[in-house]
Amino acid sequence: MSIKEIDKQYIAGTYDRFPIEIVSGKGSLVYDDEGREYIDMTSGIGVTSFGIADDEWKNAAIEQINKVQHMSNLYYTQPCAELAKVLCERSGMKKVFFANSGAEANEGAIKAARKYAAEKHGEDCYTIVTLSNSFHGRTITTLSATGQEHYHEMYHPLTEGFRHTTVNDIYEFIALISKIKVAAVMIECIQGEGGVITLDYDFVKELREVTAQKDILLIVDEVQTGNGRTGKLYSYMNYDIVPDIVTTAKGLAGGLPIGAVLLGEKVKDVFGFGDHGSTFGGNP
């Protein structure tokens, strides 16, 4: 059997693959099983930030594998602590929770926001507002946060406590939060899955001002836009704001599965022992 036939027989049919088997690559170029050359224009959907088989990236991974490939979060490890320090210093955030993907990072952000709001404003303050056309992941909860109805089909009942408002309409957002208790608003500064829609500068600035006044947390989902893809380390930096929570993944490790929840000043201590966790999160 060919690889394509094995794949079709044994892999769940969630991906409509192109009829190409990639076997190797270097930099921005990849090669199929017949030796044909392609340019990886998507960077593995925003993942291979250093290119394919980058020597420095590869040597760093091999060096760590030769030391210890996994250690539980019951113990300290140098790579985990040092990456958290770098992320905080470069983002303006204060603490980090490590996960394995963008969806997990967004789940962590939602949990942090709801815990903060429950402690500050009561257990009935749990609603997260997101934008129409948004995309925040494929778990049940991050699907619920996603503002695209076609992703919701066949997966009901969804997680309750999410509302969606129109992109770049600050007045609709203000009207919504005047009617219900809101824990947080979660945005992508550039919506990827929604059609590459860039949020207006003034909308994001006003959103930050309103949320700060109302003690509503601002979460910026940087899973697709983060790690230099918009010219700055994170896209929110183009809007001259500081969010309360930032999520990042994809290009953060250049091809290894990692996600991170960056916690700002308000929420830096929201998680205590046992409040959240991950077997592989922070894996050296």
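Me: Is Ser43 buried, exposed or partly exposed, and why?
Reply: In this predicted model, Ser43 counts as partly exposed because its relative accessible area is 28%, and that class lies between the cut-offs of under 20% for buried and over 50% for exposed.

Me: Ok, and which helix is Ser43 found in?
Reply: Ser43 belongs to helix α2, which covers residues 43-46.

Me: Changing topic, which domains does the assignment give?
Reply: The domain assignment of the chain gives domain 1, spanning 3-62, and domain 2, spanning 76-263, and the centres of these domains, taken over C-alpha atoms, are 29 Å apart.

Me: How many residues are in contact between domain 1 and domain 2?
Reply: On the domain 1 side 7 residues are in contact, and they meet 7 residues of domain 2.

Me: And how much area do the two domains bury between them?
Reply: Domain 1 and domain 2 bury about 660 Å² between them, with 57% of that area on carbon and sulfur atoms. Gly46, Val47 and Trp57 supply 59% of what domain 1 buries against domain 2, which is more than any other three residues.

Me: What about salt bridges and polar contacts there, how many?
Reply: Between the two domains the count of salt bridges is 0, whereas 4 residue pairs are in polar contact across the interface, both residues being at pLDDT 80 or more. The side of domain 1 that touches domain 2 has 4 nonpolar, 3 polar and no charged residues.

Conventions
Residues are numbered from 1 along each chain as its sequence is written. This is a predicted model: local features need pLDDT of at least 70, side-chain atom pairs count only at pLDDT 80 or more; totals for chains, interfaces and linings use all residues. Side-chain values use heavy atoms; hydrogens and water are left out. Helices (H or I, at least four residues) and strands (E, at least two) are DSSP runs, numbered from the N terminus. Buried means under 20% relative accessible area, exposed over 50%, partly exposed in between (1.4 Å probe, protein chains only). Domain bounds come from an automatic or database domain assignment. Contact means heavy atoms within 4.5 Å. Buried area is the accessible area (1.4 Å probe) that two parts lose on being put together, summed over both. A salt bridge is a side-chain nitrogen of Lys or Arg within 4 Å of a carboxyl oxygen of Asp or Glu. A polar contact is a pair of N or O atoms within 3.5 Å; within protein, one must be able to donate a hydrogen and the other to accept it, and residues adjacent in sequence count only if both atoms are side-chain atoms. Ala, Val, Leu, Ile, Met, Phe, Trp, Tyr, Cys and Pro count as nonpolar, Asp, Glu, Lys and Arg as charged, and the others, Gly among them, as polar.
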